[in-house]
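The following exercises concern a single protein structure. Each task is followed by a solution in steps.

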Amino acid sequence: MFKEMGRTSQAVLVILCVLRTVKAFEMEIIPAERIVAQIGGTLVLTCNTTGCASPSFSWRTQMDSPLGGKVSSHRTYSTLTMNPVSIVNSHSYLCTVICDEGGKKEKSVKVELYSFPSDPIIEISPSLVAGKPATVTCKIPDVYPSDHLEVLLKKDEHVLHEKYFLEDDSTNTETKTVTYTFHPTAEDAGKEITCVARLPIADMDFEPKERTSSQKLNANFGPQNTVITASPDSSPMEGDSLNLTCVTQSNPPAQIVWSKYLAEESIQRLIKNNVLSIPRVHFNDSGRYICEVINLVTNKTEKATVDIIIQGAPVITKLSIEPSATVQEGENVSIQCSAESNPPPKIILRRKFDNANAGHYSARSILLPSVMFQNGGDYECVAQNKYGNSKSEITLNVKYGPKNTMITVFPTAALKEGETVTMKCTSSGNPAPVISWNKKKATGESEKISENATITIRNLKSQDLGLYECEAYNQFGKEEKAVKLYVQARLEEPDQMIPLIIAFSSVAAVAVPAVAILIYVSRQAKINGSYSLVKALRLKV
């Protein structure tokens, strides 16, 4: 029994030792008790615990007003973030922590606000003229609490004016203004007007509590004596750099605007800078440039101009065919060329040929009324002056229907039965014509026999005799030619023959006119052979 009691005592001792090492439940708010925050900034309040495994946090204001912030709870701490801080955050904030093992604890912190974000802004108007009244305005932006604000206006070290806002009851940030009118003297030139703003609040630790701004007293004048300088000069070569600098006398410094005269008296606005820089000038940069200087205080404007002339070899700016580079035969065509340079270029627009004797025109345009297919080809424009020349080419593509369709028969001598005959059809056109062959039947109908330009008949027989038609066509028209084949035959007397007659005919683009065939008949013959011809061969034209 005593042994068991001894074991129990030891166990109690161990438990007591463990309990002594466990931390007590505590909490704190960081920052503690009182904090000064600037309106518009960021403030983070942290409620921290120790000695509690699973604390529960809550935030509120002592007046139960809106928190005006975002709560974020973690395992052992919770934060209240105010971003941005505003006038609604001027409260005492209470953090409550409930711990299952240790009960409930609360702590509070007071948030006091101020706003003094920037230096005063000084305005002096109108333009400072000796002996005439001038008004100085000092603006202190976004001040809070303004009933503590003090403002001093000084000229150098001499105090001109003081103002205190003790009676101000503003409940939010406001911009406060102090105005003072004085009569400057000639001796005031170069002196400084200083605005000193102070926000002394007892027991509030923030910096700065004093802000100042200064402005020199200067007589405003101008602009005057405005001039433009061109570097390297006002007539640079094409491709060179050009800098135009506008210089003026003005106080305060004048606003400078560059512009350029265009056609029809219009003006192109360029840049707002005293230097107009063009890294590589071109001919279209030639012209009159205007520098306009404006003093926004004196409300006066002055202008200066300079004429820039870009020199250099010609540049062809346009080489065109109207209405299009591809036209149909019969349309009206105009080829035009233009170039720019200084001095002005001489322009030659001409048609190119394969030989050296090229036709040309010393003009800027070529008119081709009712253009023909022979007018198609390459045209070139040459522009030249004392600095050099420039050349450009363009191609006129004339579309037309088939022309000059021809049939060639080989051999050209009289043919005999069993021999081979070749007939070739050629035609010109753009696009290249499609060629096909037809043969007239005994019924008068045509039968397409080939879609090739050349046909060959081997082992010539009686059924191969007749009228053959070549048809050349494209989308712009059609032209036909015909040939009629006759074969010589063996006669009763071998030395007398009927020669081959090859008759050609021209056929219009749409219809086939009458075929003219010339036949020479030796005499009526009795035909001996494997097939028979008519006793007398006759053709009526």
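**Exercise 1: a serine side chain**

In this predicted model, a polar atom of the Ser450 side chain lies 3.0 Å from the backbone nitrogen of Asn452. Determine where Ser450 is found and whether it counts as buried or exposed.

Solution. Begin with the secondary structure: Ser450 is found in strand β33, which covers residues 446-450. Next, take the accessibility. The relative value for Ser450 is 11%, and the cut-off for buried is under 20%; Ser450 therefore counts as buried. Finally, list the neighbours: leaving aside residues up to four places away in sequence, Ser450 touches Ser436, Trp437 and Ile455.

**Exercise 2: an aromatic pair**

The structure holds three aromatic pairs. Classify the pair formed by Tyr114 and Phe206, and state which parts it ties together.

Solution. The ring centres of Tyr114 and Phe206 are 3.9 Å apart and the planes meet at 20°. Planes under 30 degrees apart count as stacked, so this pair is stacked. Tyr114 belongs to strand β8 (residues 103-114), whereas Phe206 lies in the loop between β14 (192-198) and β15 (210-216); the pair therefore ties together parts that are 92 residues apart in sequence. Both partners are buried: Tyr114 has a relative accessible area of 8%, and Phe206 has one of 5%.

**Exercise 3: charges over rings**

Which residues lie over the faces of Phe206 and Phe116?

Solution. Over the face of Phe206 lies Lys209, at 5.2 Å from the ring centre. For Phe116, the residue over the face is Arg211, at 5.7 Å from the ring centre.

Technical notes: Residues numbered from 1 in each chain as written. Predicted model: local features only at pLDDT ≥ 70, side-chain atom pairs only at ≥ 80, totals over all residues. Heavy atoms only, no water. Helix = DSSP H or I, 4+ residues; strand = E, 2+ residues; numbered from the N terminus. Buried < 20%, exposed > 50% of the residue type's maximum accessible area, 1.4 Å probe, protein only. Polar contact = N/O pair within 3.5 Å; in protein donor to acceptor, adjacent residues only side chain to side chain. Contact = heavy atoms within 4.5 Å. Phe/Tyr/Trp six-rings, centres within 6.5 Å; stacked < 30°, edge-to-face > 60°. Lys NZ or Arg CZ within 6 Å of the ring centre and 35° of its normal.
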